Amino acid sequence: MYTDGKKVDSDYNYVGLYIQNWSTGTKAAMYRFEAVDKNSDAPAYIVFNDHMIEPAAAAHFHLKMSNESFMRLSTRKIPGPRSSLPI
């Protein structure tokens with residue numbers, strides 16, 4: 001990852017998953033990772049989501065990052081016309 005041209009990194013620990021249930025009926029497994037190096041400029045929290053509950057080949061996936069919390073990642077909306085869709 002690059003911020004202002006500076007390379008930043010951290011190792012991450014897998015801290016579990018949760019099943020996201022949206023009001024639309026859509027469900028997804030959200031895999032959570034937390035940075036080992038709390039002093040790094042790398043994102044503190046990363047969530048991986050491939051829209052699958054059962055094992056299957058992923059058609060596409062999302063990586064969401066935050067320095068705030070896992071909760072922030074599960075409630076953030078896409079800006080613009082698609083803002084009503086969960087990410």
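Is Ser40 buried or exposed? At 16% relative accessibility, Ser40 counts as buried. Buried means under 20% relative accessible area, exposed means over 50%, and partly exposed lies in between (1.4 Å probe, protein chains only).

The model is predicted, so local features need pLDDT of at least 70 and side-chain atom pairs count only at pLDDT 80 or more, while totals for chains, interfaces and linings use all residues. Residues are numbered from 1 along each chain as its sequence is written, and side-chain values use heavy atoms, with hydrogens and water left out.

**Figure 1. The chain in overview.** One helix and six strands make up the elements of the chain. Helices (H or I, at least four residues) and strands (E, at least two) are DSSP runs, numbered from the N terminus. In order from the N terminus, the elements run β-β-β-β-β-β-α. The chain has 87 residues, and 30% of them count as buried. Its accessible surface comes to about 6100 Å². Carbon and sulfur atoms hold 54% of that surface. The areas come from the Shrake-Rupley method with a 1.4 Å probe; for residues, only the protein chains shown count as cover. Now take contacts between residues at least 6 apart in sequence: 32% of them join residues at least 24 apart. Contact means heavy atoms within 4.5 Å.

Figure 2. Strand S3 covers residues 12–21, and strand S4 covers residues 27–35. They pair in the antiparallel sense over nine bridges. Two strands pair if DSSP finds at least two bridges between them. Leu17 has its bridge partner in S4: Tyr31. Five residues lie between the strands in the hairpin of S3 and S4. There, Gly25 takes a positive phi near 95°. S4 also pairs with strand S5 (residues 45–49), in the antiparallel sense and over five bridges. In S5, Tyr45 is the bridge partner of Glu34.

**Figure 3. Ser40 in its loop.** The loop between S4 and S5 holds Ser40. A polar atom of the Ser40 side chain lies 2.7 Å from the backbone oxygen of Asp9. A polar contact is a pair of N or O atoms within 3.5 Å; within protein, one must be able to donate a hydrogen and the other to accept it, and residues adjacent in sequence count only if both atoms are side-chain atoms. Not counting residues up to four places away in sequence, Ser40 touches Asp9 and Ser10.

**Figure 4. Aromatic pairs.** How are two rings compared? A pair of aromatic rings is described by the distance of the centres and the angle of the planes. Rings of Phe, Tyr and Trp (its six-membered ring) pair if their centres lie within 6.5 Å; planes under 30 degrees apart count as stacked, over 60 as edge-to-face and the rest as tilted. By this rule the count is three aromatic pairs. One of them joins Tyr14 and Phe33, with ring centres 5.4 Å apart and planes at 55°, so this pair is tilted. Tyr14 sits in strand S3 and Phe33 in strand S4, 19 residues apart. Tyr14 is partly exposed, at 45% relative accessibility. Phe33 is partly exposed too, at 25%. The rings of Tyr31 and Phe48 have their centres 6.2 Å apart and their planes at 45°, so they also form a tilted pair. Tyr31 is in strand S4 and Phe48 in strand S5, so the pair ties together parts 17 residues apart in sequence. Tyr31, Phe48 and Phe61 form one aromatic cluster.

**Figure 5. The largest nonpolar core.** In soluble globular proteins, nonpolar side chains tend to be buried together. Here the largest nonpolar core has nine residues, among them Tyr18, Trp22, Met30 and Phe70. A nonpolar core is a set of buried Ala, Val, Leu, Ile, Met, Phe, Trp, Tyr and Cys residues joined through side-chain atoms within 4.5 Å. S4, S5 and helix H1 (70–75) each supply at least two residues of this core.

**Figure 6. Phe70 in helix H1.** Helix H1 contains Phe70. Phe70 is buried, with a relative accessible area of 12%. Leaving aside neighbours within four places in sequence, its contacts include Val15, Arg32, Phe33 and Tyr45. Phe70 and Phe33 are 37 residues apart in sequence, with their C-alpha atoms 9.1 Å apart in space.
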